[in-house]
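Biologist: I'm new to this structure, and I'd like to learn how to read it. Could you walk me through some features?

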Amino acid sequence: MLDTPRFTEITPTADIKGERHGKRAKCLQRLIRMELPVPHTVAIPFDAVRDIAGGEMIDLSTLISLFDGEPRLLSVRSSSETPDWGGPGAVLNIGMNDHAHAWLSNTLGDTVADKLYLRFIRSFAIEVMRLDEAPFEEATTPAAARAVFEEEMEEPFPQDIRDQLAAVLRAMARAWEGTSARLLRQAQGAPADAGLGLVVQRMAQGMGPGQSGSGVVQFVDPATGAPQVTGRYMGQAMGREALRAPDRALYLTRDARGPSLEELLPEVYAELLDVGARCRTRLREEMQVEFTIDQGRLAVLDAVRCPREARAGVAIATALARDGIIPRSEALLRIAPATLSRLLHRQIDTDAPRTVLARGVAASPGAASGRLVFDPAEAQAALSRDEACILVRRETSPDDVRGMHAADGVLTERGGTTSHAAVIARGLGLPCVTGATGLRVSGKDRTVTLADGRVLGEGDSITIDGSSGEVLDGLVPTQEPMLDDAFRDIMTWSDQARDIGVRANADTVADATLARGFGVDGIGLCRTEHMFFDPARLTVMREMIFAEGPSDRAAALERLLPMQRDDFTELFTLMSGLPVCIRLLDPPLHEFLPSEGQGISDLAAALDRPLSEVKTRIAAMQEYNPMLGMRGVRLGIAMPEIYEMQARAIFEATVAALDEGSVVTPEIMIPLVTARREVELVKRRIDAIAAAVREESGTEFDYRLGVMVETPRAALRAGEIAEMAHFLSFGTNDLTQMTYGLSRDDAGRFMSAYVNEGVYPEDPFGTLDVDGVGELLLLGAARGRAVRPDVTVALCGEHGGSPESIAFCRLAGFDYVSCSPFRVPVAKLAAAHATILGSDAADSRRS
């Protein structure tokens, strides 16, 4: 064996390293160690390939001398450090020349020899020498192809295998260093200086007489991951009497449609099954095997991780763990958390044709098709007719929530990843695309105007892909979600591995039921305002808003009290034994009022008030910047009756749930806090309500009071605020908005330009800004715990479902994160990843 610094024969004991020679070279060595029939192979390391790109060729005479036999034909394949980084395509039959053509003509016949020579001349010319493809299309013989080559190159076609191999190595090395290739692999996460290895392998043609051919096989269904032999085999009919027969594709397994490899060569088929089983055990992965058969003899050319869809990836990882081939922790790490989103939602059929009408923000995953509707009432009407619909709005408001419940998907002209539409859609598990570029929505005309001028009207059909942000023409086929045993295993193993809690943002019993099914640790955010948008409740809520004074307001709230109490009782009963954190009313009151003419007229009729008076009151309640105005705790201090009603509803529901045998300790969260005194004022009133309910019911109960830290000042003054609070829950949606001075509903219009220009590395509303907003989280948590060591620290914004944010929160010592129910599986797996990787890092430091 010759072993030089410039290239290495791949043998069982050779010094082959994945980080120096690439993953393909290392995999081939493992196949050789398994004593599989792998053709003779040589590995060229990264540094030698870089030298080749720079003009310094390796010792080709010595390398070629390692391969014996007639004819001496070789292949070259890429071997990058990570397969996902790609690399130049393989070049086959290097060494094909007049001598090899004559030898093959004598042994296999003129037809086979001509075919191989013609293929090589074309591939060498087009893929290696970068000649245009068109002139070679008319060349049907080797002589004709050589003539084209020599005319284009103005030199003879190279006959020396050294010249051919040198050109191939040089072309592949330089292709890897090219700008386009570098940008593509960097998009896959490769470093700028990522290296490429090359493997040179003796060709195993599979062209001999008798049963010969080539193929590729894998042993699981690429869609489901279930055990199944799939692939293709091209059999070559040989023999003087069969030279006119074309190549024919054979099925691998027995099939009524034609002959199969299993039938023609049962011993080789059985050998392939054994190769697959051994690869699975030794390589700890389901592999796709490339092979040839020459006169009934099997040769294994390569094995790569078999391609798979999201569902199959989960099934394969869990099966390997259940069979003891890999540990459960490794199975978890093999599955990207975002992969689980594809199991929870419908997805566009990968084989379906698609016509893209517009692109926007991928705000909530999944795919949905339906006809266009432009208001919530029409969405509810479509639901009553059992018709699928897509609710289209310029932007959504709380008024639209019931329409969103009825729709199959939501499309908005404005907004980003944390806009109202995005947040509510994710909570509902509803596909949503926001901030659609070039889209103009007219609610009045009930039309959508596309960037190219095309106009869609009510009743026209579209499909939205909330996983990619695409708006598609017509009804595009979708694939149903699949929550099977493999998914349940991943959830169970994630729970066993993670050491940070995962709660759900749940506003309704339906949300809580879904979250409980996913095995959450409780409810981290129940937004009570969403309970008021039922038509019957909304009217009473509007009466309260229009009340002339505290007594009238209290009377209206008295009618809302039993409704809220019943809601909370159901939640407490359903979540018995788990914490339920209820946020007191947060949005400005004008969000509960209509903004359009017909809605205002209907309100005037419902309240029995003059239309002019209603219009005047609505106008008077408008604010220049409502998100920074009369909302959150400011409502609770200016109109204490609202929070008193909600507190009473919570405590009376607690008593009712306790009487039914549930285990309940409610958590009450005060929103938009900026100062200790705000908490003190609200706490005093809530404590009084709690004492009154205890006395009236004769039932003792506890509750925990905390705050939502969503203003920079609250984070900075968390120490003094924590004196009054059992928990600090960071609402990173508003905290990001206020820290950046960005509207989360409008940022989508220019955020892509900011990210592209490198102003921000990522959209801060999609990925937590650990440098800016993250520092406020760290300061707030540290200052709160310095004053109150037992204070619970959590994150309950939409970042709570982001794997990067969860890893940050775990390192920061947070107790839990909370996210929408459909993001819980993603969050649990991400939490398990953070724990496993964090433990591995700690073990490495100790060792």
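Modeller: We'll look at a sheet, then helix pairs, then a single residue.

Modeller: First, this is a predicted model, where local features need pLDDT of at least 70, side-chain atom pairs count only at pLDDT 80 or more, and totals for chains, interfaces and linings use all residues. Residues are numbered from 1 along each chain as its sequence is written, and side-chain values use heavy atoms, with hydrogens and water left out.

Biologist: What is the strand order in the open sheet?

Modeller: Strands are DSSP runs of E with at least two residues, helices are runs of H or I with at least four, and both are numbered from the N terminus. Two strands pair if DSSP finds at least two bridges between them. Here five strands run in the order β1-β2-β5-β3-β4, with antiparallel pairing. β1 (8–9) and β4 (91–94) each have a single partner strand, so one side of each has no neighbour in the sheet. β1 pairs with β2 (residues 41–44) over two bridges, in the antiparallel sense, and T8 has A43 of β2 as its bridge partner.

Biologist: Which strands does helix α2 touch?

Modeller: Contact means heavy atoms within 4.5 Å. Helix α2 (residues 23–33) packs on the sheet and touches β2, β3 (74–80) and β5 (196–202). For directions, axes are lines fitted to C-alpha atoms, for helices over the stretch in contact, and angles run from 0 to 180 degrees between N-to-C directions. The direction of α2 makes about 115° with that of β3.

Biologist: At what angle do α20 and α22 pack?

Modeller: Angles under 35 degrees count as roughly parallel, over 145 as roughly antiparallel, 65 to 115 as roughly perpendicular and the rest as oblique. Helix α20 (residues 509–517) and helix α22 (residues 550–574) pack at about 10°, with axes 10 Å apart, and are therefore roughly parallel. V509, A512, T513 and R516 of α20 meet E570, L571 and L574 of α22.
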